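These are my notebook entries on a structure that I looked through one feature at a time. I write down each term with its cut-offs where I use it.

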Amino acid sequence: MANNQSWIRSHTCGDARRDDSGASVVLAGWVMNHRDLGGVIFIDLRDRYGITQVVFRPEENRELAERAARLRMESVVAVKGTVGLRPADMVRGDLATGEIEVVATDLELLNDCRELPFMIRDDNDASDETRLKYRYLDLRRPVMQKNILLRHRVSQTVRRYFDHQRFVEIETPMLMKSTPEGARDYLVPSRIHKGCFYALPQSPQTYKQLLMVAGFDRYFQIVKCFRDEDLRADRQPEFTQIDVEMSFIDEDGIIQVVEGLMAAVFREAAGIDLPVPFPRMGYDEALLRYGNDSPDIRYGMEIEPLNELVGRSGFKVFDDTVSGNGAVRGFTLEQCGPLSRKQVDDLTEYIRGFGAKGLVVIQMKEEGASSPILKFLQPGVAEALTDRFSMRPGDALFIVADRPAVTAAALGNLRRHLAAAFGRIPDGTFAPVWVLDFPLLDWDEAEQRYTAMHHPFTSPKPEDISRLATDPGSVRARAYDLVLNGSEVAGGSIRNYRRDVQQLLFSTLGIDAETAERKFGFLMRALEFGAPPHGGIAFGLDRLVTLIAGETSIREVIAFPKTTSAFSLMDESPSKVDEKQLDELGITILKTEE
RNA sequence: GGGGUCGUAGUUCAACCGGUUAGAGCACCGGCCUGUCACGCCGGAAGUUGCGGGUUCGAAUCCCGUCGACCCCGCCA
């Protein structure tokens, strides 16, 4: 056994250069690869800083070379040696350390590695299941190290930016009061108060508002949030927000601060210059032109309203939709060539998933428009449609006729689907856009009541407040979303800072005064003690980093993510706990059939 | 809660319409090889075909159930 002290590394595996030639070094790292040529042995030693080639020469030290030959992939070793220049024709241009190699004089196996479940390489194609079970190995892969380091740089840029802008980073409780609105809470039982529960925060919303009442003026926090809802590629049960709140501010003030933040993050973490200000779009316009409230403006294929063209087309589906206050809309995919019957059937099946009953496809061919519905159309209607979109041979027009919400959803999703399938989404471009003028409320069919579209503390537009009693659905919110490449990366609002307005909103949401007092009494009280006008926004940090990294799932930028069933394959949580722990909490588990 | 795709060696995949001993790459083990860099060559070991049931002379393959991973709808800002 060697004395530990003598094996402390002098350089990382990314340090040594031509200038270090002749220097004695100690390196430590993982055996990424070893090439035993029968005599000379090469080992690629890797750490998070880089890769250095180490050479063992049996003619110089037979015993050492024999030990090197026995090294397995991913064991951890320390190597003493001398930096040497590689022969000119052996220089590797693609490696920062490609001009040198370390000629080993001694080797210490710090820890062996058993047979690996997968190769530690960027192009490894291990399943998500295996990767998550051995996440610590997955994280050794250079691409994952890159993602985690990018996330670090984004976080550091955020902190630096806000600090310079005189924001205060304040931690808020992880154990808080469960509230009825919004997502399902993760609950934490209280041992001291038996039968009572804390909730993990869905967001620090109420706390940051109280910090405004406290006079902190400009607050931010990079904070974990928890929502017990079903998962998606862009949703984990715990995720990270960049949380922001400001006093004496309006929408433009928030937007300006956020645009500055985005520009700083992209410049410093990704080396990308994002032009400000970002374009802005109304909610209604987004829904009409892009089919959803998170428009991807990196490509065209914009949706057009067609009601006035097809109101008396002769095609019953169109005519009935128009006369029944429905929406007929469409968009074109240029130069896709002729679509097969099967392709059209598959696309029709796809939009049925969004509630649409059917899809009309009109294809422009050399000899003219072609579609099964042409025979039903009055003369001139087909030409009006193809003219509207300036269609050329090879283009296809997709039309949906349904209730406006269904038409929007079907075409919005179809637009994304086709853009991706036909490679119409440009790589490496970032197109931010603000979406404004959201409705304040959403009608919940299941519960037969209005719910807050953003959250119940969002302020209505002053000029719309009077309609809260008469026509709540038409009231607009002082809310704003920041959408990046079709993904919502931030959302916020100007809040209610007067108790009477907040009270009015609660009653519109069907929350009676007694319930409001029980659930939000602390906030209502605070609003009576000189609460300043305030508003804020929260970023989804995971989503933002995912986009910058060019990944498709937020799991790729989270060190230890969970599966779609909210299970951690590595440490196998959640798990059963001891009877004794439950007894202390006064909790009994209901028997379920085995 | 619903829909879709998938589950075969440590791992990534193959195995035709149900057919005889379930194959291959990488990893692992052994041998050869002195300038490789995903080194090369030769050999070896390695399988509860996720699990349970059914159909059949015969099931990785067909059917039912179940568990798990991923994507989507609902849900969630």
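How are H4 and H6 oriented to each other? Before answering I noted that this is a predicted model, in which local features need pLDDT of at least 70 and side-chain atom pairs count only at pLDDT 80 or more, while totals for chains, interfaces and linings use all residues. I also noted that residues are numbered from 1 along each chain as its sequence is written, that chains are lettered from A and ligands numbered from 1 in the order in which they are written, and that side-chain values use heavy atoms, with hydrogens and water left out.

I looked up the axes of helix H4 (residues 142-164) and helix H6 (residues 251-270), and found that they come within 9 Å and cross at roughly 140 degrees. Axes here are lines fitted to C-alpha atoms, for helices over the stretch in contact, and angles run from 0 to 180 degrees between N-to-C directions. Helices (H or I, at least four residues) and strands (E, at least two) are DSSP runs, numbered from the N terminus. H4 and H6 are therefore oblique to each other, since angles under 35 degrees count as roughly parallel, over 145 as roughly antiparallel, 65 to 115 as roughly perpendicular and the rest as oblique.

I then listed the residues in contact (heavy atoms within 4.5 Å): on the H4 side they include Leu150, Val154 and Val158, and on the H6 side they include Val257, Leu261 and Val265. Sorted by class, the residues of this contact of H4 with H6 are 10 nonpolar, three polar and three charged. For the classes, Ala, Val, Leu, Ile, Met, Phe, Trp, Tyr, Cys and Pro count as nonpolar, Asp, Glu, Lys and Arg as charged, and the others, Gly among them, as polar.

I found helix H5 (residues 205-213) packed with helix H15 (residues 513-527) at an angle of about 20 degrees, their axes being 10 Å apart. That angle makes H5 roughly parallel to H15. Thr206, Gln209, Leu210 and Val213 of H5 make the contact with Phe522, Leu523 and Ala526 of H15, and these residues divide into five nonpolar, two polar and no charged.

For helix H10 (residues 341-352) and helix H12 (residues 404-421) I wrote down an angle of about 135 degrees, with axes 9 Å apart. H10 and H12 are therefore oblique to each other. Leu347, Tyr350 and Ile351 of H10 meet residues of H12 that include Leu414 and Leu418, and the contact of H10 with H12 has six nonpolar, two polar and no charged residues.

How many residues surround RNA strand B? I read 48, the closest being Asn33, Asp36, Arg57, Glu101 and Thr564; a residue is near the strand if one of its heavy atoms lies within 4 Å of it. Sugar and phosphate make up 56% of the atoms of RNA strand B that come within 4 Å of the protein. By class, the surface near RNA strand B has 14 nonpolar, 12 polar and 22 charged residues.

Most residues other than glycine have a negative phi, and most peptide bonds are trans. Against that background I noted a cis peptide bond joining Val276 and Pro277, with omega about 0 degrees, and Pro277 is found in the loop between H6 and strand E11 (280-282). The peptide bond from Ser573 to Pro574 is also cis, with omega near 5 degrees. Ser390 has a positive phi, near 45 degrees, and Ser390 is found in the loop between helix H11 (381-388) and strand E16 (396-402).
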